[in-house]
Amino acid sequence: MMIQFDVINWIVNTIREELDQLSDYTLEYATALLMNLSLRAEGKSKCEEIPEILQVLSELIESENLQVRTHVNGTLYSILTR
């Protein structure tokens, strides 16, 4: 249901536009949700439609927060194994 409501696109755009304003807690949960949504086939397809997703994830891969890096790695693994 969340995938159909374009939550993936919303998460990517929010992180891209407001990264400096997000708390670690919010960023952690946003990346966790993105990872979980990207595990489904429909979520993977939706990720492929968002051109800036790889740029956003590549910025986050260097995060100081271990959980964020773990979620980003999980998301990348999920969408790049298609």
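Author: In this predicted model, the axis of a helix is a line fitted to C-alpha atoms over the stretch in contact, and angles run from 0 to 180 degrees between N-to-C directions.

Reader: At what angle do helix H2 and helix H5 pack?

Author: Helix H2 covers residues 24-38 and helix H5 covers residues 66-80. Their axes lie 8 Å apart, and the packing angle is about 20 degrees.

Reader: Is the crossing of H2 with H5 left-handed or right-handed?

Author: The handedness describes how H2 passes H5. That crossing is left-handed.

Reader: How many residues of the contact of H2 with H5 are charged?

Author: On the H2 side, the residues include Leu27, Glu28, Thr31 and Met35. They meet residues of H5, among them Val68, His71, Val72 and Ile79. The contact divides into 7 nonpolar residues and 8 polar ones, and the number of charged residues is 1.

Reader: Which pattern does the protein follow along the sequence?

Author: The protein has 5 helices and 0 strands. Read along the sequence, its pattern is α-α-α-α-α.

Reader: What is the radius of gyration of the protein?

Author: For 82 residues the globule rule gives 12 Å. The value for this protein is close to that, so the protein is as compact as a globular protein of that length. Its radius of gyration is 11 Å.

Reader: What percentage of the residues count as buried?

Author: A residue counts as buried under 20% relative accessible area. Of the 82 residues of the protein, the buried share is 43%.

How values were computed:
Residues numbered from 1 in each chain as written. Predicted model: local features only at pLDDT ≥ 70, side-chain atom pairs only at ≥ 80, totals over all residues. Heavy atoms only, no water. Helix = DSSP H or I, 4+ residues; strand = E, 2+ residues; numbered from the N terminus. Left-handed = near helix turned anticlockwise from the far one by under 90°. Contact = heavy atoms within 4.5 Å. Nonpolar A, V, L, I, M, F, W, Y, C, P; charged D, E, K, R; others polar. Rg over C-alpha atoms; globule rule 2.2 N^0.38 Å. Buried < 20%, exposed > 50% of the residue type's maximum accessible area, 1.4 Å probe, protein only.
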